[in-house]
Amino acid sequence: MRQHVLIYQVSQNRPYYFIADYYCAEKKFIIEVDGEIHNFQKEEDQHREDIIRSLGLKVLRIKNEEVKDVHRVLEKIRQFALNL
């Protein structure tokens, strides 16, 4: 897992893309680690998730605060991957 460019459209030879925080090709999911800014851009995040899902990918969002407990985050990721 690592950052990965997700191209979702090409128009006039210009790619439109997102950069996923973490990407798992085997399970076809991405992990987005969200900072405080995401509290104020819910619609933009939902639009992005809709596009990502249209690419056949699942999305797991983790808040920055959650990363403080790495064992809990790893369990959350494991459970998410098992349920795919």
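The buried residues of helix H1 pack against strands E1, E2, E3 and E4. That contact opens this report on a predicted model.

**Helix H1**

H1 covers residues 42-54. Its buried residues are Asp45, Arg48, Glu49, Ile51 and Ile52. They span an arc of only 160° around the axis, which puts them on the same side of H1. The face turned away from that buried side carries exposed residues: Lys42, Glu43, His47 and Ser54. After H1 comes glycine 56. The phi of glycine 56 is positive, near 85°.

**Helix H2**

H2 runs through residues 70-82. Val73, Ile77 and Ala81 are buried in this helix. Seen down the axis of H2, the buried residues fall within an arc of 70°, so they line one face of the helix. An α-helix has 3.6 residues a turn, so residues three or four places apart point the same way. What covers the buried residues of H2 includes strand E3 (29-34) and strand E4 (58-63). On the face turned away from the buried side, H2 carries the exposed residues His71, Arg72 and Leu82.

**The helices side by side**

Reach runs from the first C-alpha to the last.

| Helix | Residues | Length | Reach | Expected reach |
|---|---|---|---|---|
| H1 | 42-54 | 13 residues | 18 Å | 18 Å at 1.5 Å a residue |
| H2 | 70-82 | 13 residues | 18 Å | 18 Å at 1.5 Å a residue |

H1 reaches close to its expected span. H2 does so too.

Which residues make the nonpolar surface patch? They are Val5, Ile7, Val10, Tyr17 and Ile19. The patch has an area of about 470 Å². Strand E1 (2-11) and strand E2 (14-24) each supply at least two of its residues. E1 gives the most, with three residues.

Valine 5 is one of the patch residues. Valine 5 is found in strand E1. Is Valine 5 buried, partly exposed or exposed? Its relative accessible area is 43%, so Valine 5 is partly exposed. Buried would require under 20%, and exposed over 50%.

**Where the parts meet**

Methods
Residues are numbered from 1 along each chain as its sequence is written. This is a predicted model: local features need pLDDT of at least 70, side-chain atom pairs count only at pLDDT 80 or more; totals for chains, interfaces and linings use all residues. Side-chain values use heavy atoms; hydrogens and water are left out. Patches are made of residues with over 30% relative accessible area and no salt bridge: like charges are joined within 9 Å, nonpolar side chains (Val, Leu, Ile, Met, Phe, Trp, Tyr) within 5 Å. Accessible areas come from the Shrake-Rupley method with a 1.4 Å probe; for residues, only the protein chains shown count as cover. A salt bridge is a side-chain nitrogen of Lys or Arg within 4 Å of a carboxyl oxygen of Asp or Glu. Helices (H or I, at least four residues) and strands (E, at least two) are DSSP runs, numbered from the N terminus. Buried means under 20% relative accessible area, exposed over 50%, partly exposed in between (1.4 Å probe, protein chains only). The expected span of a helix is 1.5 Å times one less than its number of residues. The arc is that of the directions from the helix axis to the C-beta atoms. Contact means heavy atoms within 4.5 Å.
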